[in-house]
Amino acid sequence: MALRLRSSLSKSNFLNILLRHNNLGFGTASHTTRVSQNPISRFCNTMAEKLSSVGEHEDANAQVMDFPGGKVAFTPEIKFISESSKERVPCYRVLDDNGKLITNSHFVQVSEEVAVKMYSDMVTLQIMDNIFYEAQRQGRLSFYATTIGEEAINIASAAALSPQDVIFPQYREPGVLLWRGFTLQEFANQCFGNKSDNGKGRQMPVHYGSNKLNYFTVSATIATQLPNAVGAAYSLKMDKKDACAVTYFGDGGSSEGDFHAALNFAAVMEAPVLFICRNNGWAISTPTSDQFRSDGLVVKGRAYGIRSIRVDGNDALAMYSAVHTAREMAISEERPILIEALTYRVGHHSTSDDSTRYRSADEIEWWNKARNPLSRFRTWIESNGWWSDEEESDLRSRIKKEMLEALRVAEKTEKPNLENMFSDVYDVPPLNLREQERQVRQTIKSHPQDYPSDVPL
Amino acid sequence: MSSIIHGAGAATALSTFNPVDSKKLTNLSVRSQRYIVAGSEASKKKSFGSALTVRHSQKLIPNAVATKEADTSTSTGHELLLFEALQEGLEEEMDRDANVCVMGEDVGHYGGSYKVTKGLADKFGDLRVLDTPICENAFTGMAIGAAMTGLRPVIEGMNMGFLLLAFNQISNNCGMLHYTSGGQFTIPVVIRGPGGVGRQLGAEHSQRLESYFQSIPGIQMVACSTPYNAKGLMKAAIRSENPVILFEHVLLYNLKEKIPDEDYICNLEEAEMVRPGEHITILTYSRMRYHVMQAAKTLVNKGYDPEVIDIRSLKPFDLHTIGNSVKKTHRVLIVEECMRTGGIGASLTAAINENFHDYLDAPVMCLSSQDVPTPYAGTLEEWTVVQPAQIVTAVEQLCQ
């Protein structure tokens, strides 16, 4: 492993950079003895080497040159690096398709308590998604986006993190919030935008946010959370906290400029951030073959100098192990890690989408049945004697009841009052906003029949 | 951010702004008091007729430029250039609060393209003065994320025009997240950099971004124009809980002025009274302030008494100061460097017309740059920027 130049003292960082510059691009101290420190004589030496090697094939092969960033060997063969390797990067998994533990697999052991909570939360997430989706179809909710098929990514990754790790989600990771303690009622409140919502009714459904649970409010723009996460990781590093930043995005999000810049920045800043990509095969109707031509996301990490791994996103145990290991690396070594979780978006992109228009129902059905993350993990915990059919049906009926109740209460709760339209734009509403609020109130007063009755003034 | 009505801050105000009387002291402490005294003498004997003759009985303020009179009553200040004032403000805030950090291209050991961050990396270390790769959207996004977790980053755009690449982060995240998160997360960032038309920097390096950013809800915009207000605004912006965009001008970095030794900040939402007058209100900001003051010299010699206000706060406008001035003079001329269409002047014209229509004796006139990319040729470039001669003509026209 390369010399650890990182130090918590900024001054020694500064000295290290100076040293690096003086060594003319060499990364480790061991190389300095081979080269003269005097730049002028070194330059002459190189010239001399070049001249003397004309016609000598062996010497030409052995030559190296200092370029910014380190030594580069030369080659007389005109060789292009292939656009893809012969084989795709293998995918780390621990449970087979049937939920049986693969022999000789490496994984991080989970306790019964954690495993049962993981499974229960996956079930809860699934039920919550189904009920909210139905509610939207019935017209009770304006919008919803499910996480069906990606429950393992959500819950298992959350389980492997600590509560101080800051989360920068895209919008398909409510499971992380669920794991951390966001209640079904709180989810429902946000979806209905009522006055109990953390966000004070300002965002559309599934755009959750909780300061208390270190889950940053979802911003709908794709991949903008990636640079935010790098900044947060940088902040954690500056404060020397035992925590990292974790950010999620989809295969589609990796095409955005912010993805590339964020990875580059994270590597340069040596920021402790986990980039977790949910490669679920589809970006609304765009399949991955139309999104990028690389071997998925995992190979992109190397381009930025980032350690990467490809994981079976529907294997909760593998997901847990990978994130757990990555987190330790990120914090102790102060480096970013890229995790590509292969999975499938079983649901539609959102309630505004009908995915059967662009993909076969068979494909969806196959992933939902044969590759279902819940059933695989359930098999494993049952094989450990930690779960039973009875507990399953108890859990499901309890959650369903809770969900329906949460929906009912959220629907009935008042919306936030009008002043919330103008507050929090700034820390204190300025003159122009106060004036605008006054105007709105005046208009409502003169035309009460044109305004919704359930918005309190 | 305090409300504008109670806005005037004394020179040493820190986080709270003391409400003062309606005379509305500016932040120029002793110097301003002299102005107010002179102004009020003049107003007592003012004739309220429409004649715009100069009253020779009062002490006329011949100085066109904000005073350089000897400040013997204050402690001896120190003289420095505008970029040094910015640096001083930044350094003092970084000393005061360990969460303040700087991010941008070449801000570290290079000291910044305009030397505003010179010496800071040596003093505070690489972690607090961060050199970033070239991606404005990414380091702006990074600063936003860092701000949400407790840091107070100052983002430097090497040239304001480059921040167009950061528009997504500024508009969608910086301006919005405090609101959409229900107030859970604050983003106390400062985004600063040099902009405006320079000396043959080419079209891409002569952008005036204030016109593009002015609609974004959730951000504040201020423009500095003197070493005094540069330092004061920098400090106030860093201390503000809202995201603030601080517009500097490429050609003003070497302005020299004596500023107080003691700690002071300038109110972010307040305009600066540069020269009180009776005949016409001239609203301006940034570099155009100097063109206006040059024109004012000529105007004074011709017998006019212009009131020059440096609006400083581009979002929101200080309609209190502006309004009081309009009510006094009844004529408004806006002089700006923005393009005509959709510029700060356009919004200001609308705001004045909406709020002070009854007080106007003439239509609001706005002098701006033309709607063209800034040409490179020196002569052409000069003609895209409003020149003092045009200002004089405009005032004469308005005061007929």
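Helices (H or I, at least four residues) and strands (E, at least two) in these legends are DSSP runs, numbered from the N terminus. The model is predicted: local features need pLDDT of at least 70, side-chain atom pairs count only at pLDDT 80 or more, and totals for chains, interfaces and linings use all residues. Residues are numbered from 1 along each chain as its sequence is written, chains are lettered from A and ligands numbered from 1 in the order in which they are written, and side-chain values use heavy atoms, with hydrogens and water left out.

**Figure 1. A:Ala341 in strand β9 of chain A.** A:Ala341 sits in β9, residues 337-342. Its relative accessibility is 0%, so A:Ala341 counts as buried (under 20% relative accessible area; exposed is over 50%, partly exposed in between; 1.4 Å probe, protein chains only). Leaving out residues up to four places away in sequence, A:Ala341 touches A:Ile153, A:Cys277, A:Arg278, A:Asn279, A:Val311, A:Gly313 and A:Met319. Contact here means heavy atoms within 4.5 Å. A:Asp251 lies 90 residues from A:Ala341 in sequence, with 9.8 Å between their C-alpha atoms.

Figure 2. A:Glu334 belongs to the loop between α11 (316-333) and β9. Its phi is positive, near 50°, and A:Glu334 is not a glycine. Most residues other than glycine have a negative phi.

**Figure 3. Helix α4 of chain A.** This helix runs over residues 112-137 and has 26 residues. At 1.5 Å a residue it should span 38 Å, and its end C-alpha atoms are 37 Å apart, which agrees. The expected span is 1.5 Å times one less than the number of residues. In α4(A), 19 of the 26 residues are buried, so the helix is largely enclosed by the rest of the structure. A:Gly139 follows α4(A), with a positive phi near 90°.

Figure 4. Chain A contains 15 helices and 9 strands. Of its 457 residues, 49% are buried. Among contacts in chain A with a separation of 6 or more, 71% come from residues 24 or more positions apart. Chain A exposes about 22200 Å², with 54% supplied by carbon and sulfur atoms. Accessible areas come from the Shrake-Rupley method with a 1.4 Å probe; for residues, only the protein chains shown count as cover. UniProt, in an unreviewed entry, lists residues 122-418 of chain A as "domain: Dehydrogenase E1 component". UniProt positions follow the numbering used here, feature names are shortened, and annotations may be inferred rather than shown by experiment. Over residues 122-418 the chain is 46% helix and 11% strand, and the end C-alpha atoms are 37 Å apart.

Figure 5. Chain B has 13 helices and 14 strands. Buried residues make up 62% of its 400 residues. Its accessible surface is about 14700 Å², of which 55% belongs to carbon and sulfur atoms. The UniProt annotation "domain: Transketolase-like pyrimidine-binding", from an unreviewed entry, covers residues 80-255 of chain B. That stretch is 35% helix and 18% strand, and its end C-alpha atoms are 8 Å apart.

**Figure 6. The largest pocket.** Its volume is about 1000 Å³. Of its 34 lining residues, the closest to the centre are A:Leu431, A:Asn432, A:Leu433, A:Gln436 and B:Leu319. On a 1 Å grid over the protein atoms alone, a pocket is an open set of points with protein on both sides within 12 Å along at least five of seven lines, a cavity is a set where a 1.4 Å probe fits but cannot get out, and lining residues have an atom within 4 Å of a point. Grid points are joined across faces, edges and corners, and a volume is the space filled by probe spheres set on the points. At least two lining residues each come from α15 (431-446) of chain A and from β12 (313-315), α10 (319-329) and α11 (344-356) of chain B.

Figure 7. B:Arg312 lies in the loop between β11 (306-310) and β12. Its phi is positive, about 55°, although B:Arg312 is not a glycine. B:Arg312 is buried, with a relative accessible area of 2%. B:Pro316 is in the loop between β12 and α10. A cis peptide bond joins B:Lys315 to B:Pro316, with omega about 0°.

**Figure 8. The largest cavity.** The structure holds 6 cavities of 30 Å³ or more. The largest cavity has a volume of about 100 Å³. Its lining has 13 residues, and the closest to its centre are B:Gly196, B:Glu210, B:His249, B:Tyr285 and B:Ser286. Strand β7 (residues 244-249) of chain B gives the most to this lining, with 3 residues.
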